[in-house]
Amino acid sequence: MKKVYAKEELCLNCRLCEVHCKTAHSRSKDIIKAYKYEDPVPVSRISVYGDNLGSAAVSCRHCDHPKCVEACITGAMRKDPKTGIVSVNESKCIGCMTCLTVCPFGCIKIEKTAIKCDLCQEDGEPACVKNCPNGALVYLEMGGGKA
């Protein structure tokens, strides 16, 4: 399966991946409207950690054996057997944070319900990858995330 891979040596800590992820998951799909006028404000599914000397973007690894799916008490977290994408059914999620506590990569956020990378399935290529100005994020076939 294709996954987002971070090239730490190319990351400038500009956080544009976060901006474009938020915009892609907004109602308006417009940067200004999403940040200034939408309520609730959309949440980025990717996070940049580090500083100007060394940083990297981190998002869901869509693990082969996802601990978040195993731990989910409502069945809201699931792994699609065909695509390998780990997703959240927000109508089933109760926001208990169990998935957040067991994720070994810290890739799940809670805003009433769990929020995580969905690989921008509707768009074909994740917004973070498409809009990274330095090529620090790539979308390619990788060996499975073992977690």
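Modeller: A term to begin with: buried means under 20% relative accessible area, exposed means over 50%, and partly exposed lies in between (1.4 Å probe, protein chains only). The model is predicted, so local features need pLDDT of at least 70 and side-chain atom pairs count only at pLDDT 80 or more, while totals for chains, interfaces and linings use all residues. Residues are numbered from 1 along each chain as its sequence is written, and side-chain values use heavy atoms, with hydrogens and water left out.

Colleague: Fine. How many salt bridges does the structure hold?

Modeller: It holds 1 salt bridge (a side-chain nitrogen of Lys or Arg within 4 Å of a carboxyl oxygen of Asp or Glu). The partners are Arg-15 and Glu-18, at 3.3 Å, N to O.

Colleague: Is Glu-18 buried or exposed?

Modeller: Glu-18 counts as buried because its relative accessibility is 15%. Arg-15 is partly exposed, at 34%. In general, side chains of opposite charge can pair when their charged atoms come close.

Colleague: What else is buried in H1?

Modeller: Along with Glu-18, the buried residues of H1 are Cys-17, His-20, Cys-21, Thr-23 and Ala-24. Helices (H or I, at least four residues) and strands (E, at least two) are DSSP runs, numbered from the N terminus.

Colleague: And what do the buried residues of H1 pack against?

Modeller: They pack against H2, E2, E3, H5 and E8.

Colleague: Take Cys-17. Which residues is it in contact with?

Modeller: Cys-17 lies in H1, residues 16–24. Leaving aside neighbours within four places in sequence, Cys-17 is in contact (heavy atoms within 4.5 Å) with Ile-46, Val-48, Ala-57, Cys-128 and Leu-137. Cys-17 counts as buried because its relative accessible area is 7%.

Colleague: What does Met-77 contact?

Modeller: Beyond four places in sequence, its contacts include Cys-68, Val-69, Cys-72, Val-86, Ser-87 and Val-88. Cys-99, Ile-108, Ala-114 and Lys-116 are also among them. As a rule, in soluble globular proteins, nonpolar side chains tend to be buried together.

Colleague: New topic. How much space lies in the largest pocket?

Modeller: About 360 Å³. Of the 14 residues that line the largest pocket, Pro-40, Val-41, Pro-42, Val-43 and Ile-115 are the closest to its centre. On a 1 Å grid over the protein atoms alone, a pocket is an open set of points where a 1.4 Å probe fits, with protein on both sides within 12 Å along at least five of seven lines; lining residues have an atom within 4 Å of a point. Grid points are joined across faces, edges and corners, and the volume is the space filled by probe spheres set on the points.

Colleague: How does the lining divide?

Modeller: The lining has 5 nonpolar, 3 polar and 6 charged residues. Here Ala, Val, Leu, Ile, Met, Phe, Trp, Tyr, Cys and Pro count as nonpolar, Asp, Glu, Lys and Arg as charged, and the others, Gly among them, as polar.

Colleague: Back to Pro-40. Is the peptide bond from Asp-39 cis or trans?

Modeller: It is cis, with omega near 5°. Pro-40 sits in the loop between helix H2 (31–36) and strand E2 (47–50).

Colleague: What about phi of Asn-13?

Modeller: Phi of Asn-13 is near 65°, a positive value in a residue other than glycine. Asn-13 is buried, at 16%. Phi of Lys-29 is also near 65°, but Lys-29 counts as exposed, at 52%.

Colleague: Last one. Where is Ser-59?

Modeller: Ser-59 is in the loop between strand E3 (55–58) and helix H3 (67–71). Ser-59 counts as buried because its relative accessibility is 6%. Not counting residues up to four places away in sequence, Ser-59 touches Val-4, Arg-45, Ile-46, Cys-107 and Cys-117. Gly-106 is 47 residues from Ser-59 in sequence and 8.3 Å from it in space, C-alpha to C-alpha.
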